[in-house]
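Subject: Structure handover and notes

Hello,

Please find the structure below. My notes on it follow.

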Amino acid sequence: MSNHPSAIAHRVHGWERRSALLLLTALLAAGACGRSDERTFSSVEQAVSIAFVQLNYATPQSSVSTVSVPFKAAQSAGNLNVVVVGWNDTTSRVSSVTDTKGNAYQLAVGPAAVPGALTQSIYYAKNIVAAAAGANTVRVSFTAAALYPDIRILEYGGMDQLSPVDVTASATGSTSTSSTPPVATTTSPDLLFAANTVATWTRGAGSGWTNRVITTPDGDIAEDRIVSTAGSYGSSAPLGGPGPWVMQMVAFKQTASAPPPPPTAPTNLAATAASSSQINLSWTNTSSTQTGVKVERSTDNVSFTQIAVAGATAVSYPDSGLSASATYYYRVRATNASGDSPYSNTASATTQSPPPPPTAPTNLAATAASSSQINLSWTNTSSTQTGVKIERSTDNVSFTQIAVAGATAVSYPDSGLSASTTYYYQVRATNPSGDSPYSNTASATTSQFVTPPRPALVQNLSTYTNRDGEAGNDFIVNLPTPTLANNCLILALTNAYSPTRTILVSDDKSNTWTAGPHVDFVANNETTTIFYALGVAGGSQKITIHFDASIYDVHATVSEWTNIATAAAANGSSGASDVASPVSAGSFTPGNNDANGGNLIYQHAIAIPGVGALGNLTSTVSGVTAGAGFTLASANRQLASISQYTIQTTAAAINPTLTVTQGSGTDHFNTIAIAFKAAAAGTAPASGIRIQNMQHTFHPWPGSSTVNLPSSGNLLALTAPVNTGQDAITSVRDSKGNAWTKVAGESLDSPQVWYAVNATPGSDLTISFNVANNTGIIVIAWDIAGASTAPFDKFTEATGAQAHAGDDITNAPLITPSTAHGLVIGLVNEYTGPPTSMIGAGYVADHVYYAGETDSSLMDMGDGTAHIYNSDTSQLSFGWHQTSHPPTSGWFAIAVAFKSGP
């Protein structure tokens, strides 16, 4: 027994630290129980003939792969061995339990584990063979070095020798008492055997149980009791304090009656050569009590070796793997729990002579299947071959064997080859007598390697949220640009939590949307879910989100991707809630898709600062940093809503993580990472002007604000559908030094449009702007690709009022672009609103809205933002459908036209 400090302390490592006095008291208490190896059962237990015989244990204080424990006293034939295997990790596994007398051990119960802490199993060997004192040693082997294993071995007499296990029970926990649930025994009397593995220590046996041992220094118990009637029983043992534990119980049956006498000998043993490597045996059984037939073999008819134990009713045995033209001698005897029968007669046979070597295969052909595989085919000409050896060369001189195909194989796919390379092949048949001559030589050249397509981001949209308490439903999110055929859409949605929440996502092209992984931040009342649509129809644009009830706090980020598989694309995920920055979704290993380009890894995170408070952060976000190897797709600072992505080309574990920096805040996040298979699918954008990224952000106070806008376009824009006189944006600058211009000449009453031409983009681009007044406004940042080097065309303004509630606003404004195939952005500011959709084909409402929205909602402030790609130079009219509300006292609108590049 080890008493050095590290041995005493290992069980409490990682758990509460106890004082030395408390630990010493516990160890003394365990020692007071004493080793009870020499004790016998009470007179009641003796009456039922179940008898405890002996025990021993080993507790190595390190990580080991094998543990050996001897039975110190002699063992009696027919008894029961019980082996308890406990250890302090959950990665190692028991690979075998054996002993030096050849007894067969079976798993009775387990393994049971406390994740990351403890594991335990109980094994048994029935009807053991006799052994002298110290002559039998139990050996437990693990698949990998197990931490602090605790091996207890016990011997019992009077147990059923055929099927001793009655029932079992198992449990884990982290309390101050280890216990199992009660289970109903089916026979009587039964031996109840229980054992635990603990992270603290065991103070003694449970009530009514006999303490057989508490191991030192581990403090794990083995205990037993006899129950004379069938009923419901559980086990327990008090611990020195709360901590992880595993407790298991096995009910063993008493022997039903005296064992039968040894069986009588089999007769009529015969041996017949079946081939050059096999002899078939047959015999006649003469006993009805045998449990098996032992088969022995000899090459000299003097020294015999047991080669098998056939079943109780077996009357034949095929002995294979023999040498050709060799004589073998056999004898058999029956066996049961009481011993072996006399031997049968001896029989012998001589294996057949080996067949001649096979003839050579013909018609070998090689065909390139890809840049890394060549397919082979041939014709077999022999009926005696046992395989076909395949050889390969790159110079048609030196050949190397690469595989042995089956006897009947006529083809072989050779993979893992280099691209644009010529390979030469030859094959030959084989059998135990040797190899055939070679076939003809065949060659083929692998095709040129083509880089698998990589997923690419086509467009991204980050919306704002209605966080002011106004509930709504059927939220409409319009993509900036209609989708391209067979691309993938990913929607990251955060909304108010409900245990019965149902969500239906649909769109204007009837694409199928799948609900992917989700995480619930129950304490802060928010759920985040990833939805996706694969292989979407071209022209999809309007997405509708329907909930089971009207809610507020709804935020959506949606993106379009090309080169994503169009079916069964989701390939693994991880997620977490209540996570502080750095925001980790947790490690996971996406499914292997290397041959098709790997996987898109997409991570979304959003701050959940308090119940019903999306966007109400504890302090301002001052920085958003993508994880190593990741690129930001969107990064809304005011909501702390961020998406990032990477392409993983080689299958491996990955832990997507991003960093959000706040002044003094400690906001926690929901985050989800999901993998999508790359594939040659979808449509890449064509040339010409298009919106790539659009981000809605809320500016709630006077002063400066900063917007992250991951961008790759050459035109940037910043729009606010409120007039300069009310909420003046006085200046705009960005982190790349781009020059920003306010639309020259617009009136004080018009909504505001700022832009930067020939912009230097970047995934880390930030835009800062200053607002003079103190009213909250929604600002949209635009990343636009394919614009002209001199993109500004013209602007027009309009103003008016509604005469009746719910009247549409028309001609707000009219504009005639100077060039075709450009982009026109329109904004309307009104005192009561909001617009619910656009009038006319091609106009896209960029503000997010929902049924029944009022002007008081913080979701885009009830004002309107829209755009249209003009196909020609016809006059355009921005028209806005309205909800039913009191007539507006006035509205102000502006439209700005930008020209496309060549």
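Contact here means heavy atoms within 4.5 Å. This is a predicted model, so local features need pLDDT of at least 70 and side-chain atom pairs count only at pLDDT 80 or more, while totals for chains, interfaces and linings use all residues. Residues are numbered from 1 along each chain as its sequence is written, and side-chain values use heavy atoms, with hydrogens and water left out.

Proline 263

Leaving aside neighbours within four places in sequence, proline 263 is in contact with Ser287, Thr289, Gln290, Ala334, Thr335, Asn336, Gly339, Asp340, Ser341 and Pro342. Proline 263 sits in the loop between strand 17 (245-253) and strand 18; helices (H or I, at least four residues) and strands (E, at least two) are DSSP runs, numbered from the N terminus. With 4% relative accessibility, proline 263 counts as buried. Buried means under 20% relative accessible area, exposed over 50%, and partly exposed in between (1.4 Å probe, protein chains only).

Overall form

The chain has three helices and 66 strands. Its radius of gyration is 40 Å, well over the 29 Å that the globule rule gives for 902 residues, so the chain is more spread out than a compact globule. That radius is taken over C-alpha atoms, and the globule rule is 2.2 Å times the number of residues to the power 0.38. Along the principal axes, the C-alpha atoms fill a box of roughly 115 × 80 × 50 Å. Of the 902 residues, 53% are buried. Among contacts with a separation of 6 or more, 77% are between residues 24 or more positions apart.

Nonpolar cores

A nonpolar core is a set of buried Ala, Val, Leu, Ile, Met, Phe, Trp, Tyr and Cys residues joined through side-chain atoms within 4.5 Å. The largest one has 40 residues, and Leu491, Leu493, Trp513, Ile545, Trp782 and Ile784 touch the most other members. Strand 36 (residues 488-496) gives the largest share of this core, four residues. A second, separate core has 22 residues, including Ile50, Tyr57, Ala195 and Ile226.

Not counting residues up to four places away in sequence, tryptophan 513 touches Leu489, Leu491, Val505, Ser506, Asp507, Phe531, Tyr532, Ala533 and Ile543.

Two further buried residues

Glutamate 526 lies in strand 39 (residues 526-533) and is buried, at 0% relative accessibility. Glutamate 526 and tyrosine 497 are 29 residues apart in sequence, and their C-alpha atoms are 4.6 Å apart.

Alanine 845 is in strand 62 (residues 844-845) and is buried as well, with a relative accessible area of 3%. Apart from residues up to four places away in sequence, alanine 845 touches Asn478, Met838, Thr865 and Ala866. Between alanine 845 and isoleucine 476 there are 9.3 Å from C-alpha to C-alpha, and the two are 369 residues apart in sequence.

Largest pocket

On a 1 Å grid over the protein atoms alone, a pocket is an open set of points where a 1.4 Å probe fits, with protein on both sides within 12 Å along at least five of seven lines; lining residues have an atom within 4 Å of a point. The largest pocket holds about 640 Å³ of space, the volume being that filled by probe spheres set on the points, which are joined across faces, edges and corners. Its lining has 24 residues, and Asn103, Lys126, Asn127, Val129 and Asn336 lie nearest the centre. Two or more lining residues come from each of strand 20 (292-298), strand 21 (305-311), strand 23 (327-336) and strand 24 (339-340). The lining divides into seven nonpolar, 13 polar and four charged residues. Here Ala, Val, Leu, Ile, Met, Phe, Trp, Tyr, Cys and Pro count as nonpolar, Asp, Glu, Lys and Arg as charged, and the others, Gly among them, as polar.

Backbone geometry

Most residues other than glycine have a negative phi, and most peptide bonds are trans. The bond from glycine 110 to proline 111 is cis, with omega near -5 degrees; proline 111 is in strand 5 (residues 106-114). Serine 581 and proline 582 are also joined by a cis peptide bond, with omega about 0 degrees, and proline 582 lies in the loop between strand 42 (570-579) and strand 43 (583-584).

Asparagine 268, in strand 18 (residues 267-273), has a positive phi near 60 degrees and is exposed at 53% relative accessibility. Aspartate 474 has a positive phi of about 50 degrees and is partly exposed, at 32% relative accessibility.

Regards
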